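Here is a short tour for anyone opening this entry for the first time. Have a look at the picture, then read on.

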Amino acid sequence: MSDALTNVRKVAAILVPKQHIFLLSHMRAYTSLFGHIMGSNPKICGYYEMHIGYHSWKSLIRQKLLYFRHEDAKPAFSYMFDKVLHNEHNMALNVLNRPRTKTIFCLRRPQEVIPSILKLYHGIDSSHDYNSESFTTEYYIQRLTTLERLAACMDQPFFYFDAESIKHDSDKCLSKLSDWLQLDARLSPNYKVQRNTAKARYGDSSERIGTGNIAHDRSGYSDFEHNVELLKKATLVHDRVRATLIEKSACNCVTQRITR
């Protein structure tokens with residue numbers, strides 16, 4: 001494709017209003033995998049976390065300006081995708097309640113999330129606050145509380161899925177989501193390796209994300225020695241918020257949870 005045509009498409013992509021898909025979740029909930037699945041669909045642009053807040057309709061234009069600075073616009077795409085995983089990146093209700101916004105919520109259990117975050121940051125920066133189990137647990141609790149508040153105040157319908165379902169019940173989950181989004185080309189468990197796949201600051205930087213396929217292995221955190229009181233506190237919040245999201249969702253995909 002010529003540079004001129006590429007630039008014309010980018011300008012049109014920025015100026016022409018699009019629909020927006022937001023995944024609202026937390027760290028280590030298979031969100032990089034999910035983003036790559038979404039971004040591999042011909043109707044969706046976006047696959048990594050932009051690390052920005054969404055305060056009004058102007059933020060949606062900013063999203064496109066930042067994304068298309070380095071990425072190409074797909075011909076005739078319909079959706080922009082981003083994921084928001086941190087409370088410091090504001091997600092305004094006036095954005096979520098826009099008719100052209102599709103919102104997806106996702107949760108993963110704390111007994112898997114907490115050790116996963118600790119393992120990640122031990123390898124990145126051993127002095128970071130996320131190397132503390134208490135700090136990481138507090139992040140998790142505060143993030144889920146924010147997700148619950150947003151869901152309770154939304155006027156537009158939303159989709160919810162358990163994080164495990166994207167790996168272990170992917171056909172069902174992706175089929176339901178494809179129908180809910182009304183996509184012509186269905187979401188596929190086989191995804192494309194993108195320009196920024198596995199790069200730092202763009203989500204999962206492990207080799208696994210570069211395979212282009214969903215790994216169906218189970219998490220290896222059964223031997224992790226949790227602080228019992230911290231885990232109990234986080235689990236109570238998870239179970240409450242999960243119940244709220246399932247109840248209020250217009251459509252969902254949930255797994256059969258293993259009894260603790």
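This is a predicted model: local features need pLDDT of at least 70, side-chain atom pairs count only at pLDDT 80 or more; totals for chains, interfaces and linings use all residues.

Residues are numbered from 1 along each chain as its sequence is written, and side-chain values use heavy atoms, with hydrogens and water left out.

## Salt bridges

Let's stay with Asp162 for a moment. Arg242 forms a salt bridge with Asp162, and the closest N and O atoms are 2.8 Å apart (a salt bridge is a side-chain nitrogen of Lys or Arg within 4 Å of a carboxyl oxygen of Asp or Glu). This pair links distant parts of the chain, 80 residues apart: Arg242 is in helix 9 and Asp162 in strand 5 (residues 158-162). Helices (H or I, at least four residues) and strands (E, at least two) are DSSP runs, numbered from the N terminus. Arg242 is buried too, with a relative accessible area of 17%.

Helix 9 also takes part through Arg240. Glu148 forms a salt bridge with Arg240, with 2.7 Å between the closest N and O atoms. Glu148 sits in helix 6 (residues 133-153) and Arg240 in helix 9, so the pair ties together parts that are 92 residues apart in sequence. Here Glu148 is buried at 15% relative accessible area, while Arg240 is partly exposed at 40%.

## Loops and a network

What does Arg195 form a salt bridge with? The partner is Glu71, with the closest N and O atoms 3.6 Å apart. Arg195 lies in the loop between helix 8 (170-181) and helix 9 (228-248), and Glu71 in the loop between helix 3 (57-67) and strand 3 (79-84), so the pair ties together parts that are 124 residues apart in sequence. Arg195 counts as partly exposed at 46% relative accessibility, whereas Glu71 is buried at 6%.

A search of the whole structure finds seven salt bridges. Arg108, Arg109, Glu112 and Glu164 are linked in a salt-bridge network.

## The largest pocket

Now for some empty space. Rolling a probe the size of a water molecule over the atoms shows where such space is left. The largest pocket has a volume of about 1,100 Å³. Among the 38 residues that line this pocket, the closest to its centre are Arg28, Leu120, Gly203, Asp204 and Ser205. Helix 2 (31-39) and helix 5 (110-124) are the elements that give two or more residues to the lining, and helix 5 provides the largest share, five residues.

How is a pocket found? On a 1 Å grid over the protein atoms alone, a pocket is an open set of points with protein on both sides within 12 Å along at least five of seven lines, where a 1.4 Å probe fits; lining residues have an atom within 4 Å of a point. Grid points are joined across faces, edges and corners, and the volume is the space filled by probe spheres set on the points. The lining divides into 14 nonpolar, twelve polar and twelve charged residues (Ala, Val, Leu, Ile, Met, Phe, Trp, Tyr, Cys and Pro count as nonpolar, Asp, Glu, Lys and Arg as charged, and the others, Gly among them, as polar).

## Positive phi values

Most residues other than glycine have a negative phi. Arg28 has a phi near 65°, a positive value in a residue other than glycine. Arg28 is in the loop between strand 1 (19-24) and helix 2, and counts as partly exposed at 26% relative accessibility.

His51 has a positive phi as well, near 60°. His51 lies in the loop between strand 2 (44-45) and helix 3, and is partly exposed at 23% relative accessibility.

## Two glycines

Gly39 is found in helix 2 and is buried, with a relative accessible area of 4%. Gly39 and Lys192 are 153 residues apart in sequence and 8.0 Å apart in space, C-alpha to C-alpha.

Gly210 is in the loop between helix 8 and helix 9, and is partly exposed at 36% relative accessible area. Gly210 and Asp223 are 13 residues apart along the chain, with 27 Å between their C-alpha atoms.

Terms used: Buried means under 20% relative accessible area, exposed over 50%, partly exposed in between (1.4 Å probe, protein chains only).
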